[in-house]
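Subject: Structure for you to look at

Dear colleague,

Here is the structure I said I would pass on. My notes follow below it.

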Amino acid sequence: MNGWTEGALALAVTLVLGAGLWLFTGEPVGDDTTDTTIPVVVDTDAAARGQTLASDTGCLACHTIDGAASVGPTWKGVAGATRPLISGEQVTADNAYLFNSIVDPPSQMVSGFEEVMPTTYAEQLSEQEINDLVEYIKSLS
Ligand code: HEC
């Protein structure tokens with residue numbers, strides 16, 4: 001290889017890597033990701049269904065979406081964040097955690113709250129409805 005080809009190759013590689021890096025880091029992961037620990041990717045159609053379900057099912061009697069304290073933790077900023085549990089564990093609020101928090105609340109109690117969340121949602125809601133609620137909560141992160 002002569003010097004010119006090498007130089008052109010190096011330039012091409014630099015450009016491709018640079019563009020890749022820019023695309024990767026330039027991808028927005030949410031409006032406010034400052035206190036989240038994992039990126040949150042939301043299915044917006046499911047989130048829209050979840051929003052309706054949240055008010056129809058009565059979740060919003062205990063949960064706010066604006067960061068204000070209530071009977072339960074606010075949903076704002078929960079998805080992707082680290083949750084302190086009564087057990088002393090610190091867990092990341094990923095899809096599995098959020099799903100489990102809805103179907104079996106006492107198994108992962110958030111520190112500072114009472115055990116008052118209904119344990120009937122696993123029977124009351126379909127798996128898809130629960131996933132829709134999870135997507136809605138994620139849209140608030
Ligand atoms: C009677 C009040 C009440 C209702 C109604 C209620 N919750 Fe909760 N929820 C709580 C409380 C209190 C906690 C915190 C203790 C715990 O982890 O169970 C909680 C915790 C959660 C968590 C974990 C949040 C976190 O900060 O880590 C999720 C997710 C959740 N609820 C979703 C729901 C959904 C979805 C519904 C409706 C289908 C619902 N809740 C209805 C009281 C309620």
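In H5, the buried residues are Ile130, Asp132, Leu133, Val134, Glu135, Tyr136, Ile137, Lys138 and Ser139. Buried here requires 20 or more other C-beta atoms within 10 Å of the residue's own, against 12 or fewer for exposed and partly exposed in between, with C-beta atoms placed from the backbone. This is a predicted model, in which local features need pLDDT of at least 70 and side-chain atom pairs count only at pLDDT 80 or more, while totals for chains, interfaces and linings use all residues. Residues are numbered from 1 along each chain as its sequence is written.

The cover over the buried residues of H5 includes helix H2 (44–57), H3 and H4. The length of H5 agrees with expectation, because its 13 residues should span 18 Å at 1.5 Å a residue and its end C-alpha atoms are 18 Å apart; the expected span is 1.5 Å times one less than the number of residues.

Elements are DSSP runs numbered from the N terminus, helices being H or I of at least four residues and strands E of at least two. On that basis the chain has five helices and two strands, in the order α-α-β-β-α-α-α along the sequence. Of its 141 residues, 17% count as buried.

The largest nonpolar core has 13 residues, and those touching the most other members are Val78, Ala79, Leu98, Leu133, Val134 and Ile137. Such a core is a set of buried Ala, Val, Leu, Ile, Met, Phe, Trp, Tyr and Cys residues joined through C-beta atoms within 7 Å. Helix H3 (95–103) and helix H5 (127–139) each supply at least two residues of this core, with the largest share, five residues, coming from H5. Apart from neighbours within four places in sequence, Val78 is in contact (C-beta atoms, placed from the backbone, within 7 Å) with Pro73, Ala93, Ile137 and Ser141.

In H3, Leu98, Ser101 and Ile102 are buried. Seen down the axis of H3, these fall within an arc of 95°, so they line one face of the helix; the arc is that of the directions from the helix axis to the C-beta atoms. Helix H4 (121–124) and H5 are among what covers them.

Finally, the ligand. There are 26 residues around the ligand, of which Cys59, Cys62, Gly72, Pro73 and Met117 come nearest; the criterion is a C-beta atom, placed from the backbone, within 6 Å. H3 and H5 are the elements that give two or more residues to this shell, and H3 has the largest share, three residues.

Regards

How values were computed:
Two residues are in contact if their C-beta atoms, placed from the backbone, lie within 7 Å.
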